[in-house]
Every structure is written in structure tokens, then in C-alpha cells.
Amino acid sequence: MMLLLLLTAPFFGLFYYVAAVQSALPPRRWALLGCLFGPAVLPLFMAKRRWSLVCARGMKYSLWHA
């Protein structure tokens with residue numbers, strides 16, 4: 001089990017690094033969290049990404065136009 005975690009940690013770190021760069025979030029922080037906690041960080045990452053988008057666009061801007 002530990003071997004599996006050690007082998008997948010760099011993959012998740014790279015995944016979160018690339019996703020953070022694309023989302024304009026601090027990439028080193030998310031890469032470290034990805035290496036340490038793996039896929040458990042995904043809900044936190046999605047919430048932070050959404051919040052930064054709302055802060056950048058404002059509360060009155062709708063993502064889906066009717």
C-alpha cells in the first residue's frame with residue numbers, strides 16, 4: 001500500500017501543478033498538497049478555483065446566460 005502511494009504521489013503533484021497553472025492559482029502549493037494528500041484534495045481545489053473565478057468576475061456575472 002505504501003509503495004502504491006509513493007508511486008502515485010508525483011503523478012498527483014504534477015496533475016495539480018498543471019491544473020493550478022491553468023487556473024491561475026499558486027502552483028507549488030497545490031503540487032505539494034497533491035503529493036501529500038493525492039485525490040482527496042480535489043474538492044478543495046475545485047472550490048478554490050470556483051471562488052477565484054467568482055472574485056475575478058464579480059458576483060453579478062453569470063456563467064450561464066439564459
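## The largest pocket

Let's start with the largest pocket, which has 13 residues in its lining; nearest its centre are L5, L6, T8, A9 and C35. Helices α1 and α2 are the elements that each contribute two or more residues to that lining. The biggest share comes from α1, which supplies seven residues.

How much space lies in the largest pocket? About 180 Å³. Sorted by class, its lining has 10 nonpolar residues and three polar ones, with no charged residues. Keep in mind that what you're looking at is a predicted model.

## How α1 meets α2

Two packed helices can be described by the angle between their axes and the distance between those axes. Take α1 (residues 2-23) and α2 (residues 27-37): their axes cross at roughly 150° and come within 7 Å. Angles over 145 degrees count as roughly antiparallel, so that is how α1 and α2 lie relative to each other. The crossing of α1 past α2 is right-handed.

Which residues do the touching here? On the α1 side they are A9, P10, F12, G13, Y16, Y17, A20 and V21, and on the α2 side P27, R28, W30, A31, G34 and C35. By class, this contact has 11 nonpolar residues, two polar and one charged. A9 and C35 turn up in this contact, and both are also listed among the residues nearest the centre of the largest pocket.

## How α1 meets α3

Now for α3, the helix spanning residues 42-57: it packs against α1 at an angle of about 10°, and the two axes are 11 Å apart. Anything under 35 degrees counts as roughly parallel, so α1 and α3 are roughly parallel to each other.

From α1, the contact uses F15, Y16, A19, A20 and S23, while α3 brings L42, F45, R49 and S52. Those residues divide into six nonpolar, two polar and one charged. Y16 and A20 of α1 take part here, and they also belong to the α1 residues that meet α2.

How values were computed: Residues are numbered from 1 along each chain as its sequence is written. This is a predicted model: local features need pLDDT of at least 70, side-chain atom pairs count only at pLDDT 80 or more; totals for chains, interfaces and linings use all residues. Side-chain values use heavy atoms; hydrogens and water are left out. Axes are lines fitted to C-alpha atoms, for helices over the stretch in contact, and angles run from 0 to 180 degrees between N-to-C directions. Helices (H or I, at least four residues) and strands (E, at least two) are DSSP runs, numbered from the N terminus. Angles under 35 degrees count as roughly parallel, over 145 as roughly antiparallel, 65 to 115 as roughly perpendicular and the rest as oblique. A crossing is left-handed if the near helix is turned anticlockwise from the far one by less than a right angle, and right-handed if clockwise. Contact means heavy atoms within 4.5 Å. Ala, Val, Leu, Ile, Met, Phe, Trp, Tyr, Cys and Pro count as nonpolar, Asp, Glu, Lys and Arg as charged, and the others, Gly among them, as polar. On a 1 Å grid over the protein atoms alone, a cavity is a set of points where a 1.4 Å probe fits but cannot get out, and a pocket is an open set with protein on both sides within 12 Å along at least five of seven lines; lining residues have an atom within 4 Å of a point. Grid points are joined across faces, edges and corners, and a volume is the space filled by probe spheres set on the points.
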